[in-house]
Every structure is written in structure tokens, then in C-alpha cells.
Amino acid sequence: MAAGSAKRRPLGGTPGIVSIALPAAAFAWFCLLIPQVANGPLFWSVEWVPSLGVEIGLWIDGLSLLFALLITGIGTLVALYSSAYLGGDDHYTRFVCYLLAFMVGMLGLVLSDNLLALFVFWEVTTISSYLLIGYKADDPASRRNALQALVVTGTGGLAFLAGIVLIGAAGGGFQISQLPDLSEHVLYPAILVLVLAGAFTKSAQVPFHFWLPNAMAAPTPVSAYLHSATMVKGGVYLMARLNPSLGNSEAWTIALCAFGGVTAVFASIMALKQTDIKQVLAWTTLMALGTLTLFIGAGTEAAIKGMVVFLLVHALYKAALFMVAGLIDHGTGTRDANVLSGLMKAMPITFIAAIVAGASMAGLPPLFGFLGKEYLYDAALEQDVLSRGGVLWVAGCAFAASALMVAAAGIVAWRPFVGPKAETPVKPHEGPWGMWIGPLILAALGVAFGVIPSLSTIVLEPAATAVMGAPVPVELKLWAGVTPALILSLITFATGFLLYWKHRAIRRGLGRLRDRADPAWDGIMDGVAGGSKWLAKTVQAGSLRTYIFITFLTLAAVLLTTIWRTGALPSAPPLDDLRLKHWSILIFITAGAAVAAVTNSRMTAIAALGTVGVGVALVFIIFGAPDVAITQLLIEVLQVVLVAVAMLKLPHMKPDVVSRIRGWDLILALSIGAMTTVVMLMVMTTPLDLRITQFFEATSAPIAHGRNIVNVILVDFRALDTFGEIAVVAIAALGAYALLRGTRRNT
Amino acid sequence: METLLALMVGALIAAAVYLMLARNVLRFLFGLILISNAANLVIFGSGGLTPEAPPLIAYGASAPPGGVANALPQALVLTAIVIGFGLFAFALVLVYRGYQNLGTLDSEEMRIAEPRE
């Protein structure tokens with residue numbers, strides 16, 4: 001890819017050096033904290049959003065420190081690796097920014113003591129991982145997969161946020177260190193579902209797993225980082241972190257064991273099916289995540305101990321193997337396990353790193369991986385959750401996954417290096433030192449921790465204690481005598497070697513096994529897009545008539561409901577003492593309205609509207625509102641003048657469009673009219689509350705010194721309203737002026 | 001008279017709705033005028049109908065005589081009339097400008113922003 005570019009600078013130039021130095025310094029700092037944290041958690045906090053009770057509080061206990069060491073330690077090696085792998089790339093600086101942003105997000109996630117702050121960092125990792133996975137932005141597949149990861153983990157993140165809010169409500173605060181045991185709380189089921197939705201999507205548990213193998217579209221260093229030490233373990237971290245407050249229920253145990261177990265076994269079977277060694281590693285990562293979830297769910301002391309050991313084991317070997325996969329890709333130009341063969345001579349250093357890390361993955365003694373597996377088996381065999389069925393399930397899943405892991409390790413770390421030399425796109429050659437130093441160090445750590453287990457316990461013991469919420473002694477021994485776990489291990493090796501020996505046949509046999517989750521995701525996205533399009537086209541049809549029709553239909557429904565709920569129809573007030581003038585006004589207005597509605601002549605319409613306006617003015621006059629009547633008449637005249645002026649420029653109303661009687665429109669119009677009449681009768685037969693009017697009547701003269709109460713209300717009591725009214729008219733005039741001016745300029 | 005007023009409002013609303021549902025925007029505009037009038041009558045009528053007694057205070061008195069018309073809805077209607085006129089004037093210019101630019105008064109033909117697919 002970028003290798004061999006003319007722009008290559010040592011360590012990737014300034015951006016590269018920064019990206020290596022920062023995590024290295026952080027790693028050193030965290031190393032210095034190890035002895036302190038072993039004695040008890042460290043606190044440190046500043047207020048961030050005091051009004052919401054959000055503070056940036058650092059809470060460094062064993063679990064945080066274990067993750068922080070992995071993030072910064074592996075981060076340093078990955079940055080170094082990237083400087084050699086991508087250092088000559090045009091966008092390398094951008095890549096470094098994404099990587100550092102991701103690192104900061106991840107560190108914030110594991111160090112935050114406040115759930116809201118934790119969530120913000122959680123989202124930082126989601127977004128920066130989106131940018132990292134989509135780094136090769138000119139590749140459509142890369143963009144699609146990045147978006148898939150973003151949507152899946154982002155949706156889970158929203159669920160998690162809802163869960164956090166509920167935790168805050170139930171636990172009385174967002175301080176993780178202060179959370180009580182919530183498993184008896186009435187909100188617990190909702191919290192459990194929401195938090196696990198966030199954790200399972202982030203940690204790619206079946207059925208949300210599909211984004212992780214697709215995220216392999218990212219450059220290899222990203223895969224090594226995101227999929228070994230960090231992002232996908234964010235969900236695991238969350239479950240481990242909340243285990244003390246959420247983990248004391250049967251639902252938690254069942255959910256985690258079920259999802260974790262299925263993920264572990266399904267993923268290891270899928271791993272055997274892959275031919276791309278990077279895909280094999282991706283699927284085995286899923287297996288590891290499933291296993292970790294399974295053991296957090298099991299929740300016994302031994303299970304937690306096994307979990308933290310395996311967490312470290314997996315981070316070390318998986319990062320190393322991803323880097324090896326990148327080295328092989330770089331050195332040969334292919335990652336196809338069917339092609340690769342006999343690389344041992346050409347790539348000796350890579351081979352050493354691969355074989356050691358691979359042995360750790362397979363769980364062979366004396367490597368750290370062996371210890372990891374032994375303690376998992378210990379926990380699986382002795383754990384007493386959920387009776388014997390639970391033991392069988394946990395042990396069965398752990399055994400199946402471990403055996404398949406042996407075979408997968410063989411495919412990735414052994415198979416490409418032995419046998420006859422094969423034809424590869426590039427003549428096999430060793431990578432630059434920056435690329436092989438990382439896997440070599442990680443592999444060496446795997447040996448060191450395996451041979452001298454006490455090296456790791458100083459970190460692992462506080463970590464296990466933090467997850468358990470109670471002190472957990474972690475004492476690791478390479479040789480613990482002949483135990484059931486050791487016997488199970490031997491069976492695992494035998495099964496694993498057999499599987500490896502037959503893996504080509506098994507792969508052919510698995511040919512028909514398809515993972516349907518990815519196509520299902522496409523289906524869902526297409527469905528969402530199609531549904532949105534349909535909705536937009538239906539609701540926003542672009543027809544003014546339709547919009548108005550729906551608006552009035554809604555009005556009709558509301559009116560009908562109101563009338564129906566009120567019950568009896570109002571009795572019309574008696575029609576006595578009506579005089580000619582009353583009847584004539586009725587005729588004026590109704591006839592005017594009817595004519596205006598049906599005429600095809602503009603002049604007739606204007607005349608009819610004028611009639612209506614005058615009729616309304618008459619109503620005002622005979623019922624004691626002379627001011628209103630005067631205004632009405634003035635406005636009426638102005639309206640007619642304006643319409644008349646406009647008519648000079650506007651065409652005649654086309655009879656063929658307007659004269660057709662529109663049946664549904666007529667029905668709707670008449671029913672709304674009738675219902676308005678009914679409502680109006682209801683209103684006018686209800687006793688009036690005159691308190692406000694009485695206030696105006698009483699205070700108009702003494703306080704406001706005015707004798708026309710209506711005028712006093714307008715210019716005195718409600719002067720601001722009147723001012724607003726003037727402003728509205730002025731704005732309308734300005735708008736009209738702007739429209740007219742625009743016409744002049746354009747035509 | 002309350003019954004008659006209710007009937008008038010109903011007739012005005014019915015005509016206004018029918019006009020506003022037309023495709024010709026000029027007719028929509030006529031509907032707008034009618035519905036404004038109807039709304040004003042609704043406000044006015046809701047405050048009660050009191051014949052021939054405007055809310056005025058005689059010189060020397062500090063309050064109006066009992067039984068004058070309700071002043072509050074009158075003030076509201078005054079505002080509403082003026083606002084309604086502002087709305088109408090703006091809408092009229094909009095129709096005019098629309099016709100200048102699009103050459104039609106048929107709202108179904110005005111499809112610049114939302115073209116028919």
C-alpha cells in the first residue's frame with residue numbers, strides 16, 4: 001500500500017513521532033501507578049458541567065489500569081507499526097489524528113468515574129473508529145463498512161445513554177464508584193436491556209457481530225488496535241465495570257452466558273471457514289469477546305479471575321498476530337491462506353513472532369495463553385451458577401471455542417510459514433524493523449508472563465478485585481498439578497490439532513454455512529431508506545391542495561371528536577325579537593359567501609366579498625362596536641382596491657379549472673361549516689366569565705384616563721400587543737415590497 | 001340573534017374551506033378573506049352580543065353604565081382585523097409575484113421546489 005513510497009521518513013516524520021511518544025509517555029506514567037493502585041483505587045476530579053452533575057473524574061482502579069496499560073502500551077507499538085506501514089501515505093497525518101483521538105476516547109472511557117463522561121468518550125471511540133475504518137475513503141466497500149460500524153455501535157450507544165439515564169434515576173447519581181447494587185430496583189430490567197444493548201453492539205456479540213469482520217476494511221494497524229486491545233473491549237469493559245452493581249441477578253447471568261457462549265462458538269466456527277488470514281483473526285476476536293462476556297456472566301470469583309487473565313492474554317497475542325498479518329500482506333502482497341506457504345526462510349523474524357503469539361493463542365505451555373485457558377477451564381468446571389446445566393454450557397462453550405482456536409492459530413501462525421515456497425504477488429521479504437518490533441515484543445511478553453506469572457498478577461489482582469467488587473486473590477501457577485483443567489486442556493489440544501489437520505476439509509464442509517446477519521443489515525438499511533422515501537413522498541406530495549385538504553380534514557376530526565365527547569347538541573336560543581335588520585345581515589353574509597364560492601368572474605367575487613365585509617361591519621355596528629366597524633369598513637375598502645389593482649395584472653379565473661363542482665371538497669367544507677355552527681352555539685350558550693372585562697371597565701377611567709374602553713385596552717393595557725400588531729403589518733409590507741421590487745428587476 | 005350569528009359563521013367557514021381547496025390560488029386568497037371574517041365573528045360572538053351599547057364612559061363617570069358591550073373581544077377583533085389584512089396583502093403580492101415568475105395561478109403547476117416525479 002504505502003510501503004516503498006518516496007516520501008518515507010524515519011518513524012513517519014513529526015506526526016509519527018508524536019503519535020509514538022504520547023502513548024509511550026502515558027504508558028510509562030501508568031506503569032508508575034501500578035504499585036499505588038495495587039493498594040487501592042486513585043481518585044482525581046474536576047467539574048465539567050456542574051449544572052448536570054457531570055465531572056471529569058478519574059477513577060483508576062485495577063480494571064481501569066489494566067485497560068489503560070493495554071491502550072497505551074499496545075497503542076505505542078501500533079503507532080510505531082503504523083509509521084512504517086502508512087508513514088509514506090498522503091493522509092498519514094490525518095490517520096495519526098484519528099488514531100490519537102481514538103486513543104484519548106478509549107482512555108477517557110476506561111478512566112472516567114462519571115457515567116455521562118464515560119458515555120461522551122464512548123461516542124468519541126465510535127466516531128473515531130468510524131473515521132479509522134473508513135480511512136480508505138475512495139473505496140466504496142470501506143465507506144460502507146465504516147458506516148455499518150457507526151450505525152450499529154452508534155445505535156447501541158443511544159440505548160446505552162438511555163440506560164445511563166435510568167441508572168442515574170435508580171442509583172441516585174452517575175458516579176460509577178458510588179453506584180449501589182441495582183439488581184432489586186424496579187427499573188432494573190430496563191437498565192439491563194439498554195446497557196447490554198450498548199455493550200453487545202460495541203463488543204460485537206451475536207447478532208450484532210457482523211460489523212466487526214467488515215471493519216477489516218481498515219488498515220491493518222487499526223485492526224490490530226481496535227480489534228485486539230481496545231474498542232471492541234469497550235463493551236467488555238462496561239460489563240466488567242458495572243458487574244458489581246448490575247451483575248447480581250439471574251437475568252444478567254443468563255443473558256451474558258447465552259450471548260457470550262453463542263458468540264464464542266459461532267465465531268470460532270466461522271473463523272475456520274475464512275481463507276483471508278485477517279478475517280480469521282477478526283472472527284477469532286469475536287470468539288474472545290464472546291468468551292469474556294460468557295465469563296463475566298458466570299460471575300464467580302474463579303470466572304472473573306479467568307476473565308481478566310484471558311483479557312490480557314488475548315490482547316497480547318491478537319495484536320501481535322494482526323501485525324503479523326500486516327507483515328505477511330506487506331511482504332508477499334496477499335493474505336490468502338490457500339496461497340501462502342513456506343515463508344519461514346524469507347521472513348524469519350515474522351515467523352518467530354507469529355509462532356510464539358500463535359502458540360499463546362492456541363494455549364500451549366509455557367506461554368501466557370496456556371495460563372489463560374487453564375484458568376478459564378478452572379472457572380468453568382467449578383463454577384456453581386445456575387446448577388449443572390450452567391456448568392455444562394460454560395465449560396462446553398469454552399472447550400469448543402478453545403479447540404477451534406488451536407486450529408485457527410495453526411492456520412494463521414503456522415500454515416503460511418511451512419511447506420514448499422509458494423508463488424506470491426510480491427517476492428516474500430521481511431518488513432522494516434518498525435513493523436516487526438511490535439509483534440516481537442508482544443510475543444516476548446506472552447513468554448515472560450507465562451514463565452514468570454507473578455509479573456502479571458500485580459496488575460491482574462486489582463483488576464479482578466474491581467470487577468468482582470470484592471477482593472480476589474490472583475495467584476498464577478504454570479504447573480498446578482494434574483487437575484481437571486489440565487486434562488481438559490490435553491483433550492483440547494488433541495481436538496484442536498485434529499481440527500487443524502482436517503481444516504481444509506472442514507472449510508469445504510462449511511462452504512454452505514452463510515452468515516446471514518450482514519445481508520440482513522443491508523435489508524434493514526434498504527428498508528429504512530425505502531420507507532423514508534415512501535413517507536416523504538406521501539406526506540410531502542408537493543401539492544398545496546393535498547396539504548390544505550389534510551389540514552381541514554384534521555380540523556374536521558377534532559371538531560367532530562369535541563362535539564361527540566361533549567354529548568348533547570346545544571339548544572338554539574329562541575329566535576324571537578329578531579328584526580328585519582338581523583335577517584338582512586344573515587342574507588348579506590350567507591349569499592355573499594355562497595356567490596364568492598361558486599362564481600367564475602373575478603369582479604363578481606370581489607363584489608361578493610365586499611358584501612360579506614359590509615355584513616360583518618353591520619354586525620359590529622348593531623352590537624355596540626363602532627370602532628371595530630369603522631376599522632372593518634376601512635380594511636374592506638383597502639382590500640377591494642388592492643385586489644382590483646392586482647386584477648389588472650392577473651389572468652381571468654379559468655372556468656374549466658374552477659367551475660367543476662368538487663364533490664369531496666364540498667362535503668368537507670359543508671361539514672366543517674356545520675360543525676363550526678354547532679360549536680359556536682355551544683360557546684354562546686355557555687355563561688361568560690367577565691372578570692377581565694370588569695377590570696378594564698373599572699380601571700379605564702381612573703387609572704388610564706380614557707373613556708373609550710376599547711381604545712384604552714389597545715393603546716394602554718395591551719399596548720405591547722398593539723405594538724406587535726404594527727410590527728406584523730410593517731413586516732408584511734416590507735415583504736410585499738421586496739417581492740414587488742424583485743419582480744421589477746427580474747422582468 | 002346568537003343562532004343567526006352561528007349560522008353566518010358556519011356559512012362563511014364552509015365557503016372559505018371550499019375556496020381554499022381550489023387549485024386556483026386567487027380563489028384560495030378569497031377563501032382567506034372569508035375565513036378571516038369568520039374568525040373575527042367567532043371572537044366577537046364569543047364575548048356575548050349586547051345590542052347598541054358601546055363600551056364608553058360618560059364624562060363625569062368613572063365606569064360605564066351596566067349592560068354595555070363586552071370591550072375585551074372588541075379590542076381583540078380590532079387587532080385581528082388589521083393582522084388579517086396584513087396577511088392578505090402579503091399573500092396577494094405573493095400570488096402576483098408567483099404569477100409573474102411561474103406564469104400560472106394553478107397551485108398544482110407550481111412545482112419548482114417539489115417537481116413531480
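**Exercise 1.** Work out which pattern chain B follows along the sequence, α-α-α or something else, and how spread out the chain is.

*Solution.* Start by reading along the sequence: chain B runs α-α-α. Keep in mind that we're looking at a predicted model. Next, count the elements: chain B has three helices and zero strands. Now for the spread. The globule rule gives 13 Å for 117 residues, but the radius of gyration of chain B is 20 Å, well over that value, so chain B is more spread out than a compact globule. Finally, look at the box: along the principal axes, the C-alpha atoms of chain B fill roughly 70 × 30 × 20 Å.

**Exercise 2.** Find out how much of chain B is buried, and what its accessible surface is made of.

*Solution.* A residue is buried when its relative accessible area is under 20%. By that cut-off, 62% of the 117 residues of chain B are buried. The accessible surface of chain B is about 4,100 Å², and carbon and sulfur atoms hold 64% of it.

**Exercise 3.** Locate domain 2 and domain 3 of chain A and give the distance between their centres.

*Solution.* Go to the domain assignment of chain A: domain 2 covers 268-501 and domain 3 covers 579-653. Taken over C-alpha atoms, their centres are 89 Å apart.

Methods: Residues are numbered from 1 along each chain as its sequence is written. Chains are lettered from A and ligands numbered from 1 in the order in which they are written. This is a predicted model: local features need pLDDT of at least 70, side-chain atom pairs count only at pLDDT 80 or more; totals for chains, interfaces and linings use all residues. Side-chain values use heavy atoms; hydrogens and water are left out. Domain bounds come from an automatic or database domain assignment. Helices (H or I, at least four residues) and strands (E, at least two) are DSSP runs, numbered from the N terminus. The radius of gyration is taken over C-alpha atoms; the globule rule is 2.2 Å times the number of residues to the power 0.38. Buried means under 20% relative accessible area, exposed over 50%, partly exposed in between (1.4 Å probe, protein chains only). Accessible areas come from the Shrake-Rupley method with a 1.4 Å probe; for residues, only the protein chains shown count as cover.
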